[in-house]
Amino acid sequence: MIINHPLLGPRDAAEFVYLGDAGLIGRPDGMADNAADAFHDYTYLRDNPAGEHRELWYHEQGDRSWLVITRNTLTHDITRVELARDVARTQGRSR
Amino acid sequence: MTQPNRLPSGLTDRSRMLNFTWNGRALQGHPGDTLAAALLANGERFVARSFKYHRPRGVFSAGPEEPSALVQLRNGAAQEPNTRATVAELFDGLVATSQNHRGSLEGDLLALNDWLAPFLSAGFYYKTFMWPKRFWETVYEPFIRASAGLGRLSMEPDPDHYDHGYLHCDLLVIGAGPAGLTAALEAGRAGARVILADEDFLPGGRLNAETHEVGGMAGSGWAAQAVAELAAMDNVRLMTRTTVYGAFDHGIYGALERATDHLAGSGGKPRQVLWRLYTRRALLTAGATERSVAFRNNDRPGVMLAGAVRTYVNRFGVAPGQRVAVLTNNDDGWRTATDLQAAGIHVSALIDTRAGTPDIPGLRIETNAAVRRTRGRRGIGQITLTNGAVIDADCLAVAGGWSPNLHLTCHQRGRPEWRDDLAAFVPGRDLPPGMSVAGAANGALTLHAAMKEAQEKTVTLLQEMGFEPTGAVLPKASDEPASITPFWHVKGKGRAWVDLQNDVTAKDIYQSQREAFRSVELLKRYTTLGMATDQGKTANVLGLAILAEAAGQPIPDTGTTIFRPPYTPVPIGAFAGRARGKDFRPVRLTPSHKWAQEQGATFVETGMWMRAQWFARPGEKGWRDSVDREVQMTRKSVGICDVTTLGKIDIQGRDAAEFLNRVYANGFAKLPVGKVRYGIMLREDGICYDDGTTARLTETHFVMTTTTANAVVVFRNLEFARQCLWPDLDVHLISTTDGWAQFAVAGPNSRALLSKVVDDLDLSNEAFPFMACSECTVFGGTPARLFRISFSGELAYEIAVPARFGDSMIRALMEVGREFDAVPYGTEALGVMRIEKGHFAGNELTGQTTAAMLGIGMMVSSKKDSIGATLSRREEMSRDDDLRLVGFHPVDKSSELNAGAHFLTRGDPADMAHDQGWMTSVAWSPELGHSIGMGFLKRGKERMGETVRAYDPVRGKDTLVTVTSAHHIDPEGARQRG
Amino acid sequence: MADIRLSAAPVLGADIAIGDNRIVERDDLALVSVATPQGGDDAIAAALQSGFGLPVPGPVQSSGQGDMRAVRTTADQMMLIFPHATPDAEPHVRQALSGAGYTTDQTDVWMVLEISGPDTLAALERLCPLDVAGFADGAAARTVMEHMGALILRLGPDRFWLMSASSSAGSFCHAVELSYRNVA
């Protein structure tokens, strides 16, 4: 596979490490009242779509960027590659 | 007499002779020959025994599709079985032998199988080897193993070496026939970066095998001219002997280059190179493969594909026979007959299954007829036609029609489509992204049409990529007649062969249909049609047509199997590339490695690192002697150990302290400058996965250590937290693992030793207490970092210098340490001391270990949010009756403990229901003089002093042990704080 | 111990000739990483310009020339490479940048091989998955070669720096040498 890195251009997937669902960016607040339930869902519940999937990849043998990649799990077609840091900020994550 | 069947024509180099041996006999050929061509030139028709029935077989094709002429090349360790003689390039000194026979090729004892054929039909494995069950391993498997397979491996290590490589291009053209050459010329002239790959050693494809003209010259001449033009272009790379074997995601193609297979010796260069081709676009111009017709005994040596007959005559200058008959269902047969006549070979008859075809002067023509059967011993001698005519022939050229080589179009699940006018499958519309197909591979089976389509598609691809096509005029080439009327199978008695490599007959296909294995996928697996090294290149479509005939339905309704990589076999050695022996993976060495070697250290692989395990001294009888000495000397005076392998991460930023507070389960926000703190890291599910120390050098600068094993994973997780969880924290990470040579200096004399090493730093307990750290210099100015931390439980430090000084540093430390009898110690002594001290390590961090189990549950701060904290507090993760880490002493002090033993309460039966935990680590303690252990025991902390069984059925041991504190020595920690 | 002084050693001291090609360890170069504080891009750019006369390199690029380079390594980090004999490259850079970035000495983390010669591009085809033939002079990228992380920087038509971890330097240099031997 080729991942078109938003900063570096196309790179072989061999340079990357796969993590999983991009939902992992949405880590709950551990000090909230419902933290136990929220962390249960966050840690264990995933969609497993046959089709478009947003997922986290890490450019370990490259610039160490975490990326959010929109990939079709049936065709491997990659339609979008974003810096995970930008995605996290868009989702309101900050400090 | 040499080469009785050699003709004066052809493209081989007659000025030079090549000597080779075939089954020990000395034969000759010419440069440009394949082994098959040379064998035929020498009159060798019978070259192989078939897979299942051991029937005589000859050369059937002239290319990679060969099902029959599989041979062994070379000898000794380099022996390579199952090689297609039709693609093996002849070289001087080649040693080739036939395979799959017991005794001689001609007198094969296993030819008996052919007489047993009635019992060996489709599915016989499944029906025969069922009962009795006890025969499975004792009778059936040895029997099947003995008779299965074709050639034999040398059973010696592969003496050759292999390489991998990476290439990038705008356009990959797969196949250098007329279409591929046209495409490469067009793209090359437009300035695109082009790779043109062809599996043959002579580019040109069918241009070298036919008598067509291109641009007013012989087709082979035009091909040579095109190749010369391409070779002169810097932007074009022509790769001969290179098979593109797979189409992978996003324009990546796999290719195997047979770099030195055509040479007697490799000259030290890799034999084959496995290329990874990165392409923007690919054009498949792989041509087409001819297929046969099924009739009785159509497998005899001498029965060949008509296109192959033309190849041997026109390209290699070899007559496949002296009296050649031609069977055809299309216009190709006519060209075969005229080419043979032009070469002066007698054509016994042209048999056309169609009606009303034109006369060829001097040729016997039978229309509306087919071949009913062949006769002959060890090869064809005579054929009988469906109209009863009997004709003498020592070669039968069969023209059954052409199947486009669409294999690569299927590699991403593309489905071929049937075209009635061609009686063939052509590539479907769902091609791999970026791939186009042109020429015969796309069903443009005639010359001009193929070249025209290749040029048009190339122009489109160039425009898509932003290149300006030159619009060159195509050279003049005509479209040869190519009309076909499908004809598949002459029904009747006897065995009509469909898949020559797997010995599958038309009857097997009918039987499969009868026994309800009707889907093509089931047919394939039940009969083995289309399996093995040739993957049914000549057989698949014929088999499908007969299945359709048996089912009484059209071919498109019957469906087709699709193809996956590789297109042709790729040796395992090529996939492995360099990754064998000591090149299997990188080796990491510590800065003191050379010194440790000089000291006679024994090394152990820990991950990729080589670490000193112990340092044997003269007179020591075994590793235990060395390890005991290293432990005792360290605890008595001082020992030195290279701990460079621990992961080191430099962490800086305004928010670095806050960041650490969130990634460690225990508090880090208030760690003072100049101090080190031990920390544990949890996974988000609450399980402990790593531990280590982090030192604060300045307000904004920390140095973290991780375990050796988890250095990469911890770094990855920290980057995740930094980028994905808290993207606006100002914190920055960089690994410095390799940058510092770090040595543990442990033992009561460690302070005294280091006082002579460190410049201008007060090491007194007051000035530099336990868990202090400082940047400093050593030996008069070399920068260093000093940490007062202890894994051994002794007064201990870790001292780090830039790695370039590491070798010098260990020598200097040992020199200074001489007055203290300082010893170097390895990982074994390190392990013994940590078990004596009760520190957990990898054995204890199993991926199921909670902080509560380790007895450090209170370290998980509830005052802050940190990774894993919330789920670590789940009820089930902190049950009071759960496993707890404790120590163990054997009741009988002379008995030795084993890690892996399970604990049982005395009197309980030894079963899972009564399991009380397990021993994780054991060591012989020189300090205590007996074996000790640590492990997880249910309610362990409440069971101090209790005697339990350590039950180890694997090693047949059952030992009584006393539960103790895991801290076998100095539980109060007085030594390390002293 | 006034009489003992530590001496620095190259990682391998490699100096290998294969035909007209050379593989030479550059142990005279210092490497210091510089991380950009959040919101500190302008300050870094100014400090790099005033301290070293270098612009901030873009992705897959280095700035500078000869042996003095700034290489972009991550989204918010770069590496300064320059000749420096003593083990105080990091304080030197820290001072020159006057605290505009977070500096970490990387000199001993890496081994730098300078490779050159007519077979260099062919050798790299056996080693490097990137399209280095398409690299302009000064282009630089991190990637993986024979399972080892590496940084490649093009110095000229047939001249590159290959950098990889110092602990696995022996394996890395062997891989580079073998790549040349397989093509030269």
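**Interfaces between chains A and B and within chain B**

About 3,000 Å² is buried between chain A and chain B, and carbon and sulfur atoms give 50% of this area. Three arginines stand out on the chain A side. Arg27(A), Arg85(A) and Arg95(A) supply 24% of the area that chain A buries against chain B, more than any other three residues. The structure is a predicted model. In this model, 36 residues of chain A are in contact with 34 residues of chain B.

Charged pairs occur across this interface. Seven salt bridges are found between chain A and chain B. One salt bridge joins the side chains of Arg95(A) and Asp655(B), with an N to O distance of 2.8 Å.

Several secondary-structure elements of chain A take part. β3 (17-21), α1 (35-44), β4 (52-58) and α2 (84-90) of chain A each supply at least two residues of the side that touches chain B. The most comes from α1(A), with seven residues. By class, the side of chain A that touches chain B has 19 nonpolar, 10 charged and seven polar residues.

Chain B itself is divided into domains. The assignment gives domain 1 (18-129), domain 2 (162-288 + 404-465), domain 3 (292-400), domain 4 (489-570), domain 5 (647-738) and domain 6 (880-978). The contact between domains 3 and 4 was examined next.

The C-alpha centres of domain 3 of chain B and domain 4 of chain B are 24 Å apart. Contact involves 13 residues of domain 3 of chain B and 13 residues of domain 4 of chain B. The two domains bury about 930 Å² between them, with 61% of it on carbon and sulfur atoms. On the side of domain 3 of chain B, the most area is lost by Ala294(B), Arg296(B) and Asp299(B). Together these residues account for 48% of what that side buries against domain 4 of chain B.

No salt bridges are counted between domain 3 of chain B and domain 4 of chain B. Polar contact is present, with four residue pairs, both residues at pLDDT 80 or more. The side of domain 3 of chain B that touches domain 4 of chain B comprises six nonpolar, four polar and three charged residues.

Terms used:
Residues are numbered from 1 along each chain as its sequence is written. Chains are lettered from A and ligands numbered from 1 in the order in which they are written. This is a predicted model: local features need pLDDT of at least 70, side-chain atom pairs count only at pLDDT 80 or more; totals for chains, interfaces and linings use all residues. Side-chain values use heavy atoms; hydrogens and water are left out. Domain bounds come from an automatic or database domain assignment. Contact means heavy atoms within 4.5 Å. Buried area is the accessible area (1.4 Å probe) that two parts lose on being put together, summed over both. A salt bridge is a side-chain nitrogen of Lys or Arg within 4 Å of a carboxyl oxygen of Asp or Glu. A polar contact is a pair of N or O atoms within 3.5 Å; within protein, one must be able to donate a hydrogen and the other to accept it, and residues adjacent in sequence count only if both atoms are side-chain atoms. Ala, Val, Leu, Ile, Met, Phe, Trp, Tyr, Cys and Pro count as nonpolar, Asp, Glu, Lys and Arg as charged, and the others, Gly among them, as polar. Helices (H or I, at least four residues) and strands (E, at least two) are DSSP runs, numbered from the N terminus.
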